[in-house]
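Work through the exercises below with the sequence and the 3D structure at hand. Each task is followed by a solution in steps.

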Amino acid sequence: MGIAENILHLRATLPGHVTLVAVSKNRPAGDILEAYQAGQRDFGENRVQEMLSKAPQLPSDIRWHLIGHLQTNKVKSMLPLVHLVHSVDSYRLLKEIDRESAKLNRVTACLLQFHIASEESKFGFNLEEALQMLEDTEYHCLHNVTVRGVMGMATFTDNQHVVRHEFRELLRIFTFLKDEYFVSSSEFFEVSMGMSGDYELAVEEGSTLVRIGTSIFGERIK
Ligand SMILES: *Cc1c(COP(=O)(O)O)cnc(C)c1O
């Protein structure tokens with residue numbers, strides 16, 4: 001199937017409250033345009049440089065999501081473009097996003113990335129680190145970021161029980177934070193989980209944002 005058909009198929013499958021982020025990393029602008037013409041507006045990139053080089057070639061109403069690990073020295077350049085940063089994985093990074101956003105007089109929407117997978121290499125907070133941040137007095141002075149929810153990646157495995165368990169853990173973290181720290185905020189509602197191989201499970205477990213690349217654009221060529 002082509003890109004447009006894949007988008008339409010996913011749209012028809014996903015519940016209305018779930019936002020589809022088309023992950024366009026390693027894809028040429030032409031592929032992105034094809035998805036755009038099928039009505040897709042949310043696109044995810046994992047590298048700042050790639051996002052910055054593609055965006056000027058594409059329609060300006062695209063909402064760019066940054067989904068990959070972000071280095072503090074890249075924050076400034078991506079801010080004017082980004083719609084939502086999914087991958088805030090440290091307090092230091094959140095502070096830097098706040099500082100640079102203040103200079104641009106904007107408020108940047110962010111998700112806190114949690115480490116839910118069993119693999120070592122995946123970035124993210126654990127609950128204790130997140131709580132330390134949320135209880136820090138300085139945290140309440142960050143007026144140029146708004147935390148919209150959480151993000152996580154499950155272990156790369158065919159074992160559905162493992163994956164479901166990890167998604168459930170992320171939802172538990174989300175619910176706990178919502179009740180304890182964001183109870184008066186109407187902005188904390190996003191749960192970014194689910195990729196091509198596991199988005200159906202993720203949706204069953206409460207995802208509001210799925211990040212899908214391969215099932216839209218085909219296998220990535222390295
Ligand atoms: C690449 C990537 C995806 C999409 O993966 P697919 O398996 O191609 O759907 C989702 N989330 C993140 C963080 C990624 O890096």
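**Exercise 1. Locate the salt bridge between Glu204 and Arg164 and describe its setting.**

Step 1. The side chains of Glu204 and Arg164 form a salt bridge, with an N to O distance of 2.8 Å. A salt bridge here is a side-chain nitrogen of Lys or Arg within 4 Å of a carboxyl oxygen of Asp or Glu.

Step 2. Glu204 belongs to helix 8 (residues 199-204) and Arg164 to helix 7 (residues 160-180), so the pair ties together parts that are 40 residues apart in sequence. Helices (H or I, at least four residues) and strands (E, at least two) are DSSP runs, numbered from the N terminus.

Step 3. Glu204 counts as exposed because its relative accessibility is 54%, while Arg164, at 26%, is partly exposed. The classes are buried (under 20% relative accessible area), exposed (over 50%) and partly exposed in between, with a 1.4 Å probe and protein chains only.

Before going on, note that this is a predicted model, in which local features need pLDDT of at least 70 and side-chain atom pairs count only at pLDDT 80 or more, whereas totals for chains, interfaces and linings use all residues. Residues are numbered from 1 along each chain as its sequence is written, and side-chain values use heavy atoms, with hydrogens and water left out.

**Exercise 2. Which parts does the salt bridge between Arg63 and Asp42 tie together?**

Step 1. The N to O distance between the side chains of Arg63 and Asp42 is 2.8 Å, a salt bridge.

Step 2. Arg63 is in strand 3 (residues 63-66) and Asp42 in strand 2 (residues 42-45), so parts that are 21 residues apart in sequence are tied together.

Step 3. Arg63 is partly exposed because its relative accessibility is 35%; Asp42, at 7%, counts as buried.

**Exercise 3. Describe the salt bridge of Glu50 and Lys54, buried or exposed?**

Step 1. Glu50 and Lys54 meet through their side chains at 2.7 Å, N to O, in a salt bridge.

Step 2. Both residues lie in helix 3 (residues 48-54), four residues apart, which is about one turn of the helix.

Step 3. Glu50 and Lys54 are both buried.

Step 4. For the whole structure, the search returns 14 salt bridges.

**Exercise 4. How many disulfides does the structure hold?**

Step 1. The criterion is a pair of cysteine sulfur atoms within 2.5 Å.

Step 2. The closest cysteine sulfur to that of Cys110 is in Cys141, and at 16 Å it is too far for a bond.

Step 3. Cys110 counts as buried because its relative accessibility is 0%.

Step 4. The count of disulfides is zero.
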